[in-house]
Amino acid sequence: MKIHVKKIFILSFLILTVLFTNLNIVYATDNDASAPQISSGAAILIDNKTNKILYDKNANERMFPASTTKIMTAILVLENCDLDEIVSASYDALMNIPEGYVTAEIQGEEQFTVEQLLEMLLVHSANDAANVLAVYVGGSIQSFVSMMNTKANELGLTNTHFTNVYGLQEDNHYTTAYDLAKIMQYCIQNDDFRRIAGSVSCSIPATNKSDVRSYTSTNQLILPNSPNYYSYVTIGKTGFTTEAGRCLVSCAYRNDIELTCVILGGTLSDDGVSSRFTDSISLYEYGFNHFSLKNIANPGDIITTIEVSNASAATKSLDLAFADSIHALVNNSDLETNYLPEIHLNADISAPIAEGDVLGKAIYNIDGISYEADLVATHNVDNSQFLQLLLQIGGILIALLITFYIFFSNKKEHTNVSNDI
């Protein structure tokens, strides 16, 4: 009987270990009762400040990105060009775009600024604009594709590979919801990308080949008159091919929290509603309604007290305080939880110490995310007067010993000289 009980205990322990191994990595999956039920093939919701994953459905499964590819194209252009540079569209760049793919009807040798081409790329999702920019920046489309894959490698994206610059359906052109989220998080560090990708519409002035062009964003989440309008969304890029389904990568901001949401493999309902919009809204509502920023620490808050062994009696007791504030993203059910930090002190703490000196750090590990802040001295710490006195006495004794040594050495030498005479 005891042997069976032991086996049952070990088996139960192993099952619990497997169940809870990834608990700190992802808060919710499509199977969790508290999570929204979405119909799209893959999705992820991630906090941009902490990289905490709030929702995951097949987020690391390779999928076709369609025109969400263009966010990588755009950021490489922004990193290699000035917005006011003039680009002349080459005939080669305008060839071989399949029928049915969106274009801005750019003509050979038509001239635009880089910014105008980026507006057509991100607002209208013009595939010809992507090719024109790629040839201008990379010298050729294939050279620019190499730049895209190099950037993907630099970002540590192991499940992403590009074969074209705008999302043409090809078997070896793929990514994942997780990788797309990382690309978007990288892109939004660029203010010009944020501005252009968040534009509701754009107007391209008349060129040497065409009259004024005007376009409205394909991202219904940012269109006030759309039934899918979601006021907290700030930027986004759509994509669609038959094989990829309806795709969307976007960001939303509310209550000092910015989230990135990626939808891949979206569907169209019988009444014509795209799941890339409805699923995005459901995930954003889930994230904003279930998670909040919790104030963990404020600058000047005292976290611990230490004694400095070689300090004066009046200053040896030293309070350590936070140098900066710490805000953690937590589930609303944990807002009242009292989190305790790991305190790591410097190895060489000794007087004298100046107020504000960094003497260590506090680290909070919350749901798999580390939050940390420096710990600083709250007052000056002086050397111990007793130790100073001992050092002074020691110095005097050493000086006397040296003096006596020199004196007796000289006297002995003088005596020896006298005996020789």
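**Entry 1: Cys187 and Cys261**

I looked up the sulfur of Cys187 and found its closest cysteine sulfur in Cys251, 9.3 Å away, which is too far for a bond. A disulfide here is a pair of cysteine sulfur atoms within 2.5 Å. I then turned to Cys261: its closest cysteine sulfur is also in Cys251, at 9.4 Å, again too far for a bond. By this rule I end up with a count of zero disulfides.

Are Cys187 and Cys261 buried or exposed? Cys187 counts as buried, because its relative accessibility is 0%. Cys261 is buried too, with 0% relative accessibility. (Buried means under 20% relative accessible area, exposed over 50%, and partly exposed in between, with a 1.4 Å probe and protein chains only.)

**Entry 2: a note on the model**

I am reading a predicted model, where local features need pLDDT of at least 70, side-chain atom pairs count only at pLDDT 80 or more, and totals for chains, interfaces and linings use all residues. Residues are numbered from 1 along each chain as its sequence is written, and side-chain values use heavy atoms, with hydrogens and water left out.

**Entry 3: the sheet with E7 and E8**

Next I followed an open sheet of five antiparallel strands, ordered E2-E1-E9-E8-E7. Strands (E, at least two residues) and helices (H or I, at least four) are DSSP runs, numbered from the N terminus, and two strands pair if DSSP finds at least two bridges between them.

Which strands stand at the edges? They are E2 (53-57) and E7 (233-241); each has a single partner strand, so one side of each has no neighbour in the sheet. From one strand to the next, I noted an average twist of 5°. (Axes are lines fitted to C-alpha atoms, for helices over the stretch in contact, and angles run from 0 to 180 degrees between N-to-C directions.)

I counted eight bridges between E7 and E8 (residues 245-254), which run antiparallel. Gly239 has Cys247 in E8 as its bridge partner. Helix H7 (residues 177-187) packs on this sheet and touches E1 (42-47), E2, E7, E8 and E9 (257-266). The direction of H7 makes about 140° with that of E9. Contact means heavy atoms within 4.5 Å.

**Entry 4: the sheet with E14 and E15**

I found another open sheet of five strands, in the order E11-E12-E16-E15-E14, with antiparallel pairing. E11 (302-307) and E14 (342-345) are its edge strands, each pairing on one side only. The twist here averages 30° from one strand to the next.

How many bridges pair E14 with E15? I found four, in the antiparallel sense, with E15 covering residues 358-366. Ile343 stands opposite Ala362 in E15.
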